[in-house]
Amino acid sequence: MKTPLTQLLNIKHPIIMAPMFLVSNIAMVKAAMQAGIAGCIPALNYRTLPELRQAITELKAAKTEGGAFGFNLIVNKSNLKFPEQLKVCCELGCDFIITSLGNPKQVIEEAQKKGILVFCDIVNLEQAKKVESLGCDAVIAVNNEAGGHRGSIAPKQLIEELNEALKIPVISAGGVGTKTQLEEKLSFGAVGVSVGSPFIASEEAGVSKEYKEACVNYGAEDIVLTQKISGTPCTVINTPYVQEIGTEQTWLEKILNKNKWLKKYVKMLRFLKGTNMVTKAAIKATYKTVWVAGPTIEHSKAIEPVEKIIERFTN
């Protein structure tokens, strides 16, 4: 399958293994590259800059023909590590950077000087036009079928609307768990897809066995939106603990979020608290489990190697 995305990244198949907080790792991206797709890791998966440097160095050494690797940067003020993460990525180099949850201007300016492509997560046409005007290389259209921080517009409507208004490529994110669903997104006009949740139940993923098994045992109907993690709606598996704590912000958070002077600090605190919740759930199974995933876990029937999961989309 040759598309503008395969040409941009010099990959065999128009697929990006989406960056997933705590899930994505070097082993997964190596396997992705060997299978002819691109892999991406959130920079926040590394607690320190030396760890991020080591990851980039290792992936550069493992780079294979027909594969590509990149990193995801959270570019809003909640990520205090962002400036230094960007500096390290630009210094050592990678094939692409995906930006999320903020203004990507600085990333686009700095990364493109080094020949690094910049793809920007967007959920609507207004955001897409803004990042196109800043000079990004493609948009990742996060639709209402995505996992994690998803959009509110259906894939077909979003892709077609963006293609009509933009001059840059549109990559679709959300709703791809099978080859048929991949081909569907391409038929709507996407140049490729970003796929995340199906790879949680991979042998290479560094999360707990219980998290992986949850992605096999639960299905699309078990996915709910919560504001408990970052303040922004995020999809999680509706475990008994999630049902117990609820999915809405507290009355105090709602009031504080309406205060223009305080809301950025509230968001920062919620982000830090929420990521700690996800961290504990991902690496250690307890009754307090908050497992991020999207509805495409419906197609995960067993814990399998990354290579075999990719075959689901390419064979």
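Helices and strands are here DSSP runs, numbered from the N terminus. In this predicted model, Ser 24 is placed in the loop that links β1 to α2. Ser 24 has a relative accessible area of 4% and is therefore buried. A polar atom of its side chain lies 2.8 Å from the backbone nitrogen of Met 20. Beyond the neighbours within four places in sequence, Ser 24 is in contact with Ala 18, Pro 19, Cys 40, Ile 41, Pro 42 and Asn 45. The loop between β1 (15-17) and α2 (26-34) also holds Leu 22. The phi angle of Leu 22 is near 75°, a positive value in a residue other than glycine.

Leu 101 is found in the loop between β4 and α5 (105-113). Its relative accessibility is 34%, so Leu 101 counts as partly exposed. For context, most residues other than glycine have a negative phi.

Strand β3 spans residues 68-74, and seven of its seven residues are buried, so the strand is largely enclosed by the rest of the structure. Ala 68, Gly 70, Asn 72 and Ile 74 point one way from β3, while Phe 69, Phe 71 and Leu 73 point the other way. Both sets are buried.

Strand β2 (residues 38-42) runs parallel to β3 and is joined to it by five bridges. In this pairing, Gly 39 stands opposite Phe 69 of β3. Together with helix α4 (residues 82-92), strands β3 and β4 form a β-α-β unit that is right-handed.

Helix α7 covers residues 155-165, and its buried residues are Pro 155, Leu 158, Ile 159 and Leu 162. Viewed down the axis of α7, these buried residues fall within an arc of 95°, so they line one face of the helix. An α-helix has 3.6 residues a turn, so residues three or four places apart point the same way. The elements that cover the buried residues of α7 include the strands β5 (117-122), β6 (138-142) and β7 (170-173). The helices α6 (125-134) and α8 (179-188) are also among the covering elements.

Cysteine sulfur atoms were examined with a cut-off of 2.5 Å for a disulfide. By this rule the count of disulfides is zero. Cys 94 is in no disulfide, and the nearest cysteine sulfur, that of Cys 89, is 5.0 Å away. With a relative accessible area of 9%, Cys 94 is buried. Cys 136 is likewise in no disulfide; the nearest cysteine sulfur belongs to Cys 120 and is 4.1 Å away. The relative accessibility of Cys 136 is 4%, so this residue counts as buried.

Definitions and conventions. Residues are numbered from 1 along each chain as its sequence is written. This is a predicted model: local features need pLDDT of at least 70, side-chain atom pairs count only at pLDDT 80 or more; totals for chains, interfaces and linings use all residues. Side-chain values use heavy atoms; hydrogens and water are left out. Buried means under 20% relative accessible area, exposed over 50%, partly exposed in between (1.4 Å probe, protein chains only). Helices (H or I, at least four residues) and strands (E, at least two) are DSSP runs, numbered from the N terminus. The arc is that of the directions from the helix axis to the C-beta atoms. Contact means heavy atoms within 4.5 Å. Two strands pair if DSSP finds at least two bridges between them. A crossover is right-handed if, with the strands pointing away from the viewer, the path from the first strand over the helix to the second runs clockwise. A polar contact is a pair of N or O atoms within 3.5 Å; within protein, one must be able to donate a hydrogen and the other to accept it, and residues adjacent in sequence count only if both atoms are side-chain atoms.
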